[in-house]
Amino acid sequence: MAEAPSPAKATDLQAELLKLQEVVKQMDPTEMQAAVAKLTDQVLRINGKLQASIATLGQTSSADGSTAAGTSNAAGALVGDAAAGAVASSSGTRAKIETMSAEVVDSNPYSRLMALQRMGIVKDYERIRTKTVAVVGVGGVGSVAAEMLTRCGVGRLLLYDYDKVELANMNRLFFRPEQCGMTKTDAAAQTLRHINPDVAIESFTMNITTVDGFDQFKASVTHPGSGKSSVDLILSCVDNYEARITINQVCLELQQTWMESGVSEDAVSGHIQTLIPGETACFQCVPPLVVASGIDERTLKREGVCAASLPTTMGIVAGMLVQNTLKYLLHFGTVSRYLGYNSLKDFFPTMEIKPNTACSNGRCLDAQQAHQAHINSPEALAAAAAAAAAADAEANAAAVHEENDWGIEVVADDAAAAAGSGVGEAQADEAAAAEPLPEGLQFSLPQAGVDAQMLQQEAVRPTEASLDELTSMLSSLNK
Ligand SMILES: [Zn+2]
C-alpha cells in the first residue's frame, strides 16, 4: 500500500518540513512547555494502566506456570540464589555433598544435624550415611517417615507401595494435589530426591502380600552373595494384617530387626514396636485382637465405610517411629520396644513384649533358641560382666562429687529400698496434697492410702496359665 518514493514526492515533503520549521519558530516557549507537560502526564497514565495489565497477566500465568512471565520470575529467583552463594542447578536441586560438614554456615544442610555431636547426643552422626532403611507402605505414616529420614541424610532409602496418590489423601502430610494419579512410590521419590539428592532412593511399586510380591520384596532386601539381609532396618507403615505378616516372615527368615507402626481406625491413637527376631516377640507371638477373637480382618472392612485419619496422629506416630530409628541406627538413648500413644488422654504407654515359646511360627522358635544360646555363651556372659563392671566404675566415679552448690543429695538404692517402696511417691503425694489442683482437674489414681501392703494385695501374681487360657479368660471377661 505504501507509495513508491519519487523525486516529486521528496520535493513536496521538503516544502512541508520548511513550513513546519516556520511554525515552530513562531511558537511560544511557555505554550510549548505546557503541551509537553500534558503529553508527559498522558504517557504516565498509559504506563500505569500497562503495568496493571502486566501484573494481572503475571498472576494468571504463574497459576498455570507456563507463560513467559512465570518463567522469567523463576529464573530471577534462581539468579538471586546463585548470587547468595547457594549451590543450585537449573532444576533448583542442590548438588550432592561428598562429606557431611559441621561448619555453621547458612548453605550447609547438615550443620544442625552434625551439631548433635557437639551437644554430646550422638558420637558419630555421619555414620547415618552408611545406613539403609526400607519403608514398607508410603501412606500417612510411611511418607512422613521417609521425608524425615531423607532430611536426616540416611544413606539409602527403599520405598514400597502399590497405591496411587488420591485427593482423599490430602488430609495427611507430604503428598500434594498435583501428584494425584502418580504412584505413591514415584511421587515420593520425586519429592525426596529434590529435598536431599545425597540419599539413594529406590522405589518399588508392588504389593508385597502376593506370592510374587513376597519373593520380590525378600530379594530386594537380601544381599545376593551372602543371602543375608542387605538393609539395616525395615519400617512397617502398612495398614493391614497380611502385609505385617509378610514383613514378619521375611524378617524372621533374614534375622532382620524391624519396627512396626500403626494408627487406630478412629484416628486418635497409635503405636510403634521394635521386633528383634528371637529377642522380642515376633508379630505372630502375640496375636492381635482380630485374630484372638477369631474374626477375619477382611470382614471388618465394610464396603463404603471409611476409616478416619488425622495428619496430627499420623505425624506423631511417624515422629515416634523415626526417633526410635535414629536411636537404633546411631546408638543413642534407649530404643523403645513398644511405645503407644493415646491422643484423648495424652497417654504414652511403654512395655516389653517377650517372645512366646509357643509361637505358631517355627522360624521364631528357632530364633528364640539361637538367642538363648547366644546370651548364655561364655563370650556373651563375659561381655555382660565387663559391661556391668564398667557401669559400676562409672557410678562410683560419679559419686565423688558429694558437695554441690544446689544442695542435691544422692541417696543409695539400698537405703531407699530399706525405707520401704513407694516412699518417693508418698512424699510426692504429700507435696501434691499441699497444693490444691486447679478447678476441673483431679488425680485419676488415689493420692493417699496407697501403701506397700495394699500394693502387695493388688499385685498381679505369676500364673502357670498358658497364653490360650489367658486369652479365653480375657474374652470371657469382655462378654
Ligand atoms: Zn513369634
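Val 144, Ala 145, Met 148, Leu 149 and Cys 152 of helix 5 make contact with Met 314, Gly 315, Ala 318, Leu 321, Val 322 and Leu 326 of helix 11; contact here requires C-beta atoms, placed from the backbone, to lie within 7 Å. Sorted by class, this contact of helix 5 with helix 11 holds ten nonpolar residues, one polar residue and no charged ones. Nonpolar covers Ala, Val, Leu, Ile, Met, Phe, Trp, Tyr, Cys and Pro, charged covers Asp, Glu, Lys and Arg, and polar covers the others, Gly among them.

The model is predicted, with local features requiring pLDDT of at least 70 and side-chain atom pairs counting only at pLDDT 80 or more, whereas totals for chains, interfaces and linings use all residues. Residues are numbered from 1 along each chain as its sequence is written. Helices (H or I, at least four residues) and strands (E, at least two) are DSSP runs, numbered from the N terminus.

Two packed helices are described by the angle between their axes and the distance between the axes. For helix 5 (residues 142-152) and helix 11 (residues 311-330), the axes come within 9 Å and cross at roughly 40°. Helix 5 is therefore oblique to helix 11. Axes are lines fitted to C-alpha atoms, for helices over the stretch in contact, and angles run from 0 to 180 degrees between N-to-C directions; those under 35 degrees count as roughly parallel, over 145 as roughly antiparallel, 65 to 115 as roughly perpendicular and the rest as oblique. The crossing of helix 5 and helix 11 is right-handed, that is, the near helix is turned clockwise from the far one by less than a right angle.

Helix 5 also packs with helix 6 (residues 184-195), at an angle of about 20° and with the axes 9 Å apart, so helix 5 and helix 6 are roughly parallel. This crossing, too, is right-handed. Here Ser 143, Ala 146, Glu 147, Thr 150 and Arg 151 of helix 5 meet Ala 188, Leu 192 and Ile 195 of helix 6, a contact with four nonpolar, two polar and two charged residues.

Turning to the strands, strand 4 (residues 233-236) pairs with strand 5 in the parallel sense over three bridges, where pairing takes at least two DSSP bridges. Ser 236 stands opposite Glu 260 of strand 5. In strand 5 (residues 258-263), five of the six residues are buried, meaning that 20 or more other C-beta atoms lie within 10 Å of their own, placed from the backbone.

Across the 479 residues of the chain, 22% count as buried. The chain has 17 helices and seven strands.

Technical notes. Contact = placed C-beta atoms within 7 Å. Buried ≥ 20, exposed ≤ 12 C-beta atoms within 10 Å, placed from the backbone.
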